[in-house]
Amino acid sequence: MAEIVGVLALSHAPGLTGWLDKAEERVQRALLDGYGELRRIVESLRPDVIVGVANDHLLNFPLNNVPDFCIGTAKAWQGPAEWFVDWVSVPPYQVAGDPETAKTLVREGARRGVNFAFADQLLFDDNWSVPLFFLTPRHDIPLVPIHMNCIVPPLPSPERCRAVGAVMAEILRDCRPARERVLVMATGGLSHDPGGPRYFEVDEAFDRWFLALLEEGDADKVVREVTIDRMVAAGDGGTTELLAWLVAMGAAGGRKARTICYEPSPPLRCGMGAVAWDMSA
Amino acid sequence: MGIMAVDKTLASNRLIFEVRRDAAKYQRFRGDLEGTLAEYGLTQAELQAWRERDIRTLAQLGVHPYFLPQVSRLFEGAARNHNQSRAAQFYAQRMLAEEKSRG
């Protein structure tokens, strides 16, 4: 029986690596401190593998065929994809995959009501490139990337996302080898509106309400109140990336989240923040 | 506009999807826009919007919102994409200034 040693959720907006100097100095420091704390959490948890969940950003799946959840099964990954190198502004990197863990999720998901698509080729943009740059700067922990549909309606519902997270955790615990240490990491959000009228704005009130709900730890209440309509109202093109956070919440199994950092940042065009669920509690 | 109003079948969505994924297609888009446009079976309304770099009309026709800032970067470059960058200002002028003037 493998152990889920930790669950994290964090923003991946490219301003963090691409133009952080444009944010106020206090915000820069707060975010670098917060992402530094995330790195220390990862180091202390010593995961054997990171199972990541994030929006696909319409990069791998065209609009005619968008899976809700697609698991990357390759032995190795690289990023950022060519056109995103200038934008994300991190050095090219390679990171190992974990085909056995990935395929276990696909196979066992099929028995437990979750239709995971899978792929051994996936392009990475800011979704993994920004988080990995801060959390595992040596790119030395294997990654199972799960690219999900956060922005092409119909979206998987909040309730479905939480349930998929719970099934993922169950599979990892039941079907992976004993003593394997798994970290679940959702990336995306918080409020932002790429392509909409609020492109240069952030919805701080929504973000703080959302974070408070996660801290309260009542997952039923979260999926009841954090509706897709509510997320869309807080920033149409991007805020529904928080569906990935609800997958993480499902994997964390009803524990209370702790907010690591939060900064509403119009210069980064995103509500930037992170939470951790303590799985030892 | 918005994600709920996307026209998944709009050919421009396929064009943007492919150009970002393929360096050769991106180079062609930069150097020969008409050649790129000719390959996707676009409507007259789409063709006119692309020629005029009119991302607001592309949005109204059903291009996915997430693609719109990316179109600004296809035209104006992606590096250092802060709020004063050419790409972000392009977005502000084409999407938002017009919105305000139309009330």
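The legends below describe close-up views of a predicted model.

**View 1. Chain B against chain A.** In this view, 34 residues of chain B are in contact with 38 residues of chain A, and the area buried between the two chains is about 3300 Å². Carbon and sulfur atoms give 63% of that buried area. On the side of chain B, Ile3(B), Lys8(B) and Tyr66(B) supply 21% of the area that this chain buries against chain A, which is more than any other three residues supply. The rule for salt bridges finds one across the interface of chain B and chain A. Where charged side chains are concerned, Arg80(B) and Asp21(A) meet in a salt bridge, with a distance of 2.7 Å from N to O.

View 2. One aromatic cluster is formed by Trp83(A), Phe84(A) and Trp87(A) together with Tyr26(B), a residue of chain B.

View 3. A search of the whole structure finds 18 aromatic pairs over all chains. In the pair of Tyr35(A) and Phe134(A), the ring centres are 5.4 Å apart and the ring planes stand at 65°, so the arrangement counts as edge-to-face. Tyr35(A) belongs to helix H2 (residues 25-45) of chain A, while Phe134(A) belongs to helix H5 (residues 126-135) of chain A, and the pair therefore ties together parts that are 99 residues apart in sequence. Are these two residues buried or exposed? Tyr35(A) is buried, with a relative accessible area of 1%, and Phe134(A), at 12% relative accessibility, counts as buried too.

**View 4. Helix H10 of chain A and its end.** How many of the eleven residues of helix H10 (residues 242-252) of chain A are buried? Eleven of the eleven are, so this helix is largely enclosed by the rest of the structure. Among the buried residues are Leu242(A), Trp245(A), Met249(A) and Gly250(A). Ala252(A), which also lies in helix H10 of chain A, is buried with a relative accessible area of 0%. Leaving aside its neighbours within four places in sequence, Ala252(A) is in contact with Val7(A), Trp277(A) and Met279(A). The C-alpha atoms of Ala252(A) and Gly165(A) are separated by 8.0 Å, although these residues are 87 residues apart along the chain. Just after the helix H10(A), Gly253(A) takes a positive phi of about 65°.

**View 5. Cysteines without a disulfide.** A disulfide is a covalent bond between the sulfur atoms of two cysteines. The structure holds zero disulfides over all chains.

Terms used: Residues are numbered from 1 along each chain as its sequence is written. Chains are lettered from A and ligands numbered from 1 in the order in which they are written. This is a predicted model: local features need pLDDT of at least 70, side-chain atom pairs count only at pLDDT 80 or more; totals for chains, interfaces and linings use all residues. Side-chain values use heavy atoms; hydrogens and water are left out. A disulfide is a pair of cysteine sulfur atoms within 2.5 Å. Rings of Phe, Tyr and Trp (its six-membered ring) pair if their centres lie within 6.5 Å; planes under 30 degrees apart count as stacked, over 60 as edge-to-face and the rest as tilted. Helices (H or I, at least four residues) and strands (E, at least two) are DSSP runs, numbered from the N terminus. Buried means under 20% relative accessible area, exposed over 50%, partly exposed in between (1.4 Å probe, protein chains only). Contact means heavy atoms within 4.5 Å. Buried area is the accessible area (1.4 Å probe) that two parts lose on being put together, summed over both. A salt bridge is a side-chain nitrogen of Lys or Arg within 4 Å of a carboxyl oxygen of Asp or Glu.
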